[in-house]
Amino acid sequence: MTSNIDSSSVVVITGASSGLGAACAVRCARKGATVVLVARREDRLREVALRVTDAGGSAVVIVADVSREAECIRVVDSVATTLGRIDLFINNAGRGNLASIENTPTEQWRSMFAVNVDSVFWLTARALPLMKKANRGHIIAISSVAGRYGHPFNAAYVAAKHAVMGFIAALRTELVGTNVHATCICPAGIITEWADATEGGSIGALYAAAIPRSRTIARERGLSMAPLTRMMSAEECADIIMSAIEGGRTNDVFTHKDTHELAVQAVQDRCTQEDAFEALWLAMRESYEQQERSG
Ligand SMILES: NC(=O)c1ccc[n+]([C@@H]2O[C@H](COP(=O)([O-])OP(=O)(O)OC[C@H]3O[C@@H](n4cnc5c(N)ncnc54)[C@H](OP(=O)(O)O)[C@@H]3O)[C@@H](O)[C@H]2O)c1
């Protein structure tokens, strides 16, 4: 079964005010769909809405904070009442964090779970009856390679993205035999606002400092270099996601080259996967400790 998007389709995208969500919105608009754009920054949503109409779609803006259950319920109920159907639900809203485990405040831990995974549960649970009744539709959750393997200094995000993958895996088993599909997307680096919008400080800056340093560490200690993937544009990543959606029922999608193999390795043989990244993790520790010392 395929999930074709056309001019009769209603697509809901959370986190549509920038980055990957905005790029997916424009791609759905090119097929003539009605695209419901959800996020907190209304000005940015209005800009994306213009791009959606320019691309040939219709835009509906809903300003909402999806880290709150009542807001998630409001979003789905509003779509159900005004548009009456949901063909594609892209759970894309997400935010990372920067903190060692011992320095992660409980509020930061909870906010990572609220925006990255609780929102997916609340929105899906509310949208499912409508989609099951129509026996049609596709639920997408944007997890991350961090949903399959570990990264230092953002454990709350890593744990939340792992939870997203578990949730979608369970959802799929409840959808067996129906024409409603669910897919987890696992990107690696995408050039968006994400890396600098992380709660607790910029994880992008930490990687920027650690990657060159990891080369020296690898040379000095005879370690291998981390198998880093190429950063991707949001547009490139959105193209991969749209192809997966149009393919209908799919496995988890790893958008970046070789990351699927690393994820399998992490699940089956975590030590080997950790060894492959050792120089980078050591360099990140150095950079993180330096940042802490300089306050
Ligand atoms: N960039 C990467 O390297 C990367 C890699 C792997 C996975 N991902 C995942 O990809 C997804 C998209 O991120 P991106 O890279 O496109 O970053 P981005 O440009 O920062 O976009 C994040 C989006 O999430 C929205 N958002 C954040 N908190 C929200 C909340 N409480 N309620 C509603 N919307 C909220 C933001 O909108 P407002 O601020 O307007 O609310 C924004 O539209 C995220 O789930 C991210 O974790 C990104």
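Predicted model: local features only at pLDDT ≥ 70, side-chain atom pairs only at ≥ 80, totals over all residues.

Student: Where in the chain are F153 and D258 found?

Tutor: F153 is found in the loop between strand 5 (137-142) and helix 5 (155-175). D258 also has its place in a loop, the one between strand 9 (253-254) and helix 8 (259-268).

Student: How should I judge burial, and is F153 buried or exposed?

Tutor: One counts the other C-beta atoms within 10 Å: a residue with 20 or more is buried, one with 12 or fewer is exposed, and one in between is partly exposed. F153 has 26 C-beta neighbours inside 10 Å and therefore counts as buried. D258 has 12 C-beta neighbours inside 10 Å, so D258 counts as exposed.

Student: What can be said about burial over the whole chain?

Tutor: Of the 295 residues, 45% count as buried.

Student: Let us return to helix 4. How does one check the span of a helix, and what does helix 4 reach?

Tutor: The span from the first C-alpha to the last is set beside the value expected at 1.5 Å a residue. Helix 4 covers residues 106-134, which is 29 residues, and reaches 40 Å, close to the expected 42 Å.

Student: Where does helix 4 bend?

Tutor: The bend is at A114 and amounts to about 45 degrees.

Student: What is the setting of R110?

Tutor: R110 has its place in helix 4. Its 14 C-beta neighbours inside 10 Å are why R110 counts as partly exposed. The C-alpha atoms of R110 and N97 are 11 Å apart in space, while the two residues are 13 apart in sequence.

Student: How can separation in sequence be compared with separation in space, taking V26 and A238 as the case?

Tutor: One notes both values for the pair. V26 and A238 are 212 residues apart in sequence, and their C-alpha atoms are 9.3 Å apart in space. I240 and M131 are 109 residues apart along the chain, with their C-alpha atoms separated by 24 Å.

Student: What else is known of V26?

Tutor: V26 lies in helix 1. V26 is buried because 20 other C-beta atoms lie within 10 Å. Not counting residues up to four places away in sequence, V26 touches R51, V52 and A55.

Student: Where does I240 lie, and what does I240 touch?

Tutor: I240 lies in helix 7 (residues 234-246). Leaving out residues up to four places away in sequence, I240 touches V253 and T255. With 16 C-beta neighbours inside 10 Å, I240 falls in the partly exposed class.

Student: And where is D196 placed?

Tutor: D196 is in the loop between strand 7 (190-191) and helix 6 (203-221). D196 counts as exposed because it has 12 C-beta neighbours inside 10 Å. Apart from its neighbours within four places in sequence, D196 is in contact with S202 and G204.

Student: How many residues surround the ligand, and which are the closest?

Tutor: The shell holds 30 residues, and the closest to the ligand are G15, G19, R40, G94 and W194. By type, the shell divides into 12 nonpolar, 12 polar and 6 charged residues. Helix 1 (residues 19-30) gives the most to this shell, with 3 residues.

Student: Finally, how does one describe the chain as a whole, and how many helices and strands are there?

Tutor: The chain has 10 helices and 9 strands. Its C-alpha trace spans about 60 × 40 × 35 Å along the principal axes. A compact globule of 295 residues would have a radius of gyration near 19 Å, and the chain agrees with 19 Å. Among contacts with a separation of 6 or more, 76% come from residues 24 or more positions apart.

Key: Residues numbered from 1 in each chain as written. Helix = DSSP H or I, 4+ residues; strand = E, 2+ residues; numbered from the N terminus. Rg over C-alpha atoms; globule rule 2.2 N^0.38 Å. Contact = placed C-beta atoms within 7 Å. Near = placed C-beta within 6 Å. Nonpolar A, V, L, I, M, F, W, Y, C, P; charged D, E, K, R; others polar. Expected span 1.5 Å × (residues − 1). Bend = angle between axes of the 7 residues up to and from the residue.
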